[in-house]
Each structure stands twice: as structure tokens, then as C-alpha cells.
Amino acid sequence: AVIRTAGLVLPLGVAVCGAVCGFAAVVGDRSRDSLTLITIQGVAALLELLGEPLYILAQGRLLFHVRVRVEAAAQVGKAVITISLLLTLGGDYAGLSLSLAQLAYGGVVAMGYALAFRGELRSLLATAFSRRHHTTDAPEHSAELRRMCGEFTLQAAEKLLLAEGSKMVMASVETSYNQGVYGMVSNLGSLVVRLLFQPLEEGAFTAFVAGSKAVTAAEREAQGKGGKGRSEAAKALASIFHGMLKVATLVGGVIALFGPSYAYTALRLVYGRRWSDTETAPALGVYSSYVGLLAVNGISEAFTHAAADKPQLRRANVALMVFGGVHIALSFSLCQVHGTRGLIAADAIGMLLRITYSLYFAHHYFREFEWYAMWAWVPHWKTVGGIVSAGAGAFCTWGFVVSKHLDEPSFLPRAGGHVVIGLCLLCGAAGATMKREGRQLREAFRLKQRKTE
């Protein structure tokens, strides 16, 4: 049933890809070089699309290591090819170099998932494209399933608008310089989100789904027998939710507090003064706070989508549409006044709205249980104080040791000392955090592991 349903993304994806490429060819530059790049990007998207059904199957089977390996290989290959082509062909062929690297990325993704399921690939293809499985009365393609797929497709489109709306606004009202600054900042931030928070979010979502099913099953069994079983199942789910949310809060808080102190140093060491001495460094510092909000929203929204029933999912979709409208309006107004930082502020406000809605849903979900504490995920005030103190110490080190010596030969040793001090402060804050929060976090991860096994 999974692979037959997942196979539907292929014809739909081909249609969308063809429409987007056709639109880009009509409204954009119609030169031969431009059409070539559009074609390469379209083929790259189709190659990546070929691996999508197997990606969905891997996620459904909880084979998270498959995705990690495939995406790691694809990203490394893309980076190597991009650098090699840029060095070989030069900056005049940057568009071609990036497009060919994206083509290689799509090919590695498709080939990687095919190799991961090579032992059963033939049977999976036969199942996906067998005519006898695509009758109108097949349960896998019932009206109920089509409605569910439509709801999740709408939800995905809304999330895409929320995620990419800022870039659309930036492209329409800002200069190419500010677009470059925001592009650099958002890409660096997305690396942290993809590598650090996305695996945590996906694992938490799987545990939330299993936990919510346990609550539903306990509710059916408890009818006429008291609600003890349901209460225990809900308590386990709440423990996982609060534990995962606390982890996201702590890690996001560290990034938000340490990011402004190390944004300039990181940019200068990696990209040189061409980027570090521009608006990019302070913008990256501001973006660090937004990354912290992304971490919290990822877990809270995962719980909403895992535990909500159909009416609740529809209300969540409506809320996302409203938040998307607010986000776009704020992006236009704040971007025109404050540039890149205003756009990041609009992103943060939109994320806060989504977090608020998800926390309200969680409170509504557990409201009947007397033991439920809505703010149990908030770290102890001493933990917060320790992390804030560590962040303040890193900021003071930046201000007194590094920032006044940017043009001096002593910058590198001073920056190295700044990094070492930051690591020491971070280790101290982590030790204090585990002392106060470790028991709850270990219990949450233990329950999460049990739910995903």
C-alpha cells in the first residue's frame, strides 16, 4: 500500500516539473544558455523525483540510516563537483557548474535509494505499476485516501510558501546585494537545521505517531473499564513530547546566544573578509535566534501533525494559511524599512505564531488529565541562567578580545582563543544542564526509542 500510494508522486511530479520549467522558459531569458540551464535543472529534479517513492518507503519502515547515507553521499558529491567545475571552467560558467552539480545530486539520490532497495526493487516496481492494484475500488486509492493526500499536499504547499515566501519578497523589493546577504545567511542556517534538527524532528514525529496510536488504543480498551490505561499512555506521550521539546529549546537557545558572538569569526575563517566585513555577519547573528525558533517549531509542529485527527488537521491548515498571510505582509513592510534584518524579524514572528498554535493544540490534547503541566518542557531557571551566562561570557570575549583587533596580525590567535573560551563555556553549561535536566531527557529518549522500535 505504501509503495503504490508513493508511486503517485511520479506522474504528479513530472507534471509540476514540466509546468515550472515551461513557465521559467517563457517568462525568463530565452537565450540558448538560459534554456540549457533550465533543462538541466528540470532533468535534475526528475532524477531526484525517481527516488521519492523509495524515500517514502524507507521513512515508513523507519530506515532513517538509509536517508542519512544517501543524502550525505549526494551532498558530498554535489560539493566536490561544484568546486571542481568552478575551478576548471571559471566563474563565467558558474551557472553551468551549479546546474551540473545539481544534476549529479539528483542522480546520486535516485541511484542511492535504488541500491538501498536493490534486493526487492523488481517486486516493488511490479507492485507500484501493476494494473490490478489501481482499480477504483482498491482501498489504497479510496476517496478517503485521496482526501488525506490532498490535505497533506495542501499542508506541504503552505509550508513551502512559509519557507520560501521571504525569498520571494526579497527578490521583489530588495537589491541584488541584500538578496546575496540573505541567501548566504539562510543557506548557512539551513545547514544547521538539516544536519542537526531535522533528524531529531523526524525521529520525534515517529515516536509521536506511535504514542498517539497507543493513546487511541487505550481509549478504546478503557471504555467501561476506567481511564487508567489511557492516562498512562498519554503520560508516556507527554513525557516524550516535553523531553524532545526541551532538547530543541536548549540546543536552539545555545545557538541563539552563541551565534552573534561567533558569526563574524566563522565567516572570516571560512569565507574571508569579502563576506565577514559586510552586512552578512550581523545578519547571521540575528538569524541565529531564528534558528532557535525553528528548532522549537519543528518539534511542536511534529506533535500537532502526529496527534491531530482530521478536523484538527484541517484547522491547522487554515491556521497555517492565516500565518502565511501575516508572514508575507510583515515581510514586505519590515524588509522595506530594515532590509535583511527586517525580513529575518518577519520570519521569527511567523515562527512564533506557529509555535503558539502548536503549544495550544498540545494543551488542548492533554487538557483532561490533571497531571498535565503545560510548561513542563521549559528548562529550570538555573539551567537558563547558566546558558545565558555562558552566552554573555562569549559575547564579552568577542567584544574585548577580538572585535577591536580585526585589522591586526593578532586576529587569528585572538580568534582561536575566543573559540576555545566558547567551547569551555559551552561545556560548563552542558554539564550544568545535564545535572538538572538529565533525568527527564534520558527518560524521554528511552520512551522515544521504545516507541520507534
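**Entry 1: residues 383-403**

I started with residues 383-403, where the chain is 95% helix and 0% strand, with the end C-alpha atoms 29 Å apart. Helices (H or I, at least four residues) and strands (E, at least two) are DSSP runs, numbered from the N terminus. A note to myself before going on: this is a predicted model, in which local features need pLDDT of at least 70 and side-chain atom pairs count only at pLDDT 80 or more, while totals for chains, interfaces and linings use all residues. Residues are numbered from 1 along each chain as its sequence is written, and side-chain values use heavy atoms, with hydrogens and water left out.

I then looked up the UniProt record, an unreviewed entry, and found 383-403 listed there under "transmembrane region", along with other stretches including 244-264, 284-304 and 415-434. UniProt positions are given in the numbering used here, feature names are shortened, and annotations may be inferred rather than shown by experiment. I checked 415-434 as well: the chain there is 100% helix and 0% strand, and its end C-alpha atoms are 28 Å apart.

**Entry 2: helix H14**

Next I took helix H14, residues 381-402. Its 22 residues reach 30 Å from first C-alpha to last, close to the 32 Å expected at 1.5 Å a residue (the expected span is 1.5 Å times one less than the number of residues).

Which residues of H14 are buried? I noted Thr383, Ile387, Ala390, Gly391, Ala394, Thr397, Trp398 and Val402. Seen down the axis of H14, these buried residues fall within an arc of 110 degrees, so they line one face of the helix; the arc is that of the directions from the helix axis to the C-beta atoms. On the other side of H14, Trp381 and Phe400 are exposed. For the record, buried means under 20% relative accessible area, exposed over 50%, and partly exposed in between (1.4 Å probe, protein chains only).

**Entry 3: the second largest pocket**

I moved on to the second largest pocket, with a volume of about 630 Å³. Of the 22 residues that line this pocket, Ile255, Phe258, Gly259, Tyr262 and Ala266 are the closest to its centre. My grid notes: on a 1 Å grid over the protein atoms alone, a cavity is a set of points where a 1.4 Å probe fits but cannot get out, a pocket is an open set with protein on both sides within 12 Å along at least five of seven lines, and lining residues have an atom within 4 Å of a point. Grid points are joined across faces, edges and corners, and a volume is the space filled by probe spheres set on the points.

Which helix gives the largest share of this lining? H10 does, with 10 residues. Helices H9 (176-222), H10 (228-271), H12 (280-307) and H15 (411-452) each supply at least two residues.

Ala281 sits in helix H12 and is buried, with a relative accessible area of 8%.

I stayed with H12, where 24 of the 28 residues are buried. Its end C-alpha atoms are 39 Å apart, which agrees with the 40 Å that 28 residues should span at 1.5 Å a residue.

How many cavities of 30 Å³ or more does the structure hold? I found 1, and the largest cavity has about 60 Å³ of space. Its lining includes Glu301, His305, Arg354 and Tyr357. H12 and helix H13 (310-365) are the elements that give two or more residues to this lining, and H13 gives the most, with 7 residues. The lining of the largest cavity has 5 nonpolar, 3 polar and 2 charged residues.

Last, I looked at Phe361 in helix H13, which is buried at 6% relative accessible area. Its C-alpha atom is separated by 9.4 Å from that of Glu301, 60 residues away along the chain.

Terms used. Nonpolar A, V, L, I, M, F, W, Y, C, P; charged D, E, K, R; others polar.
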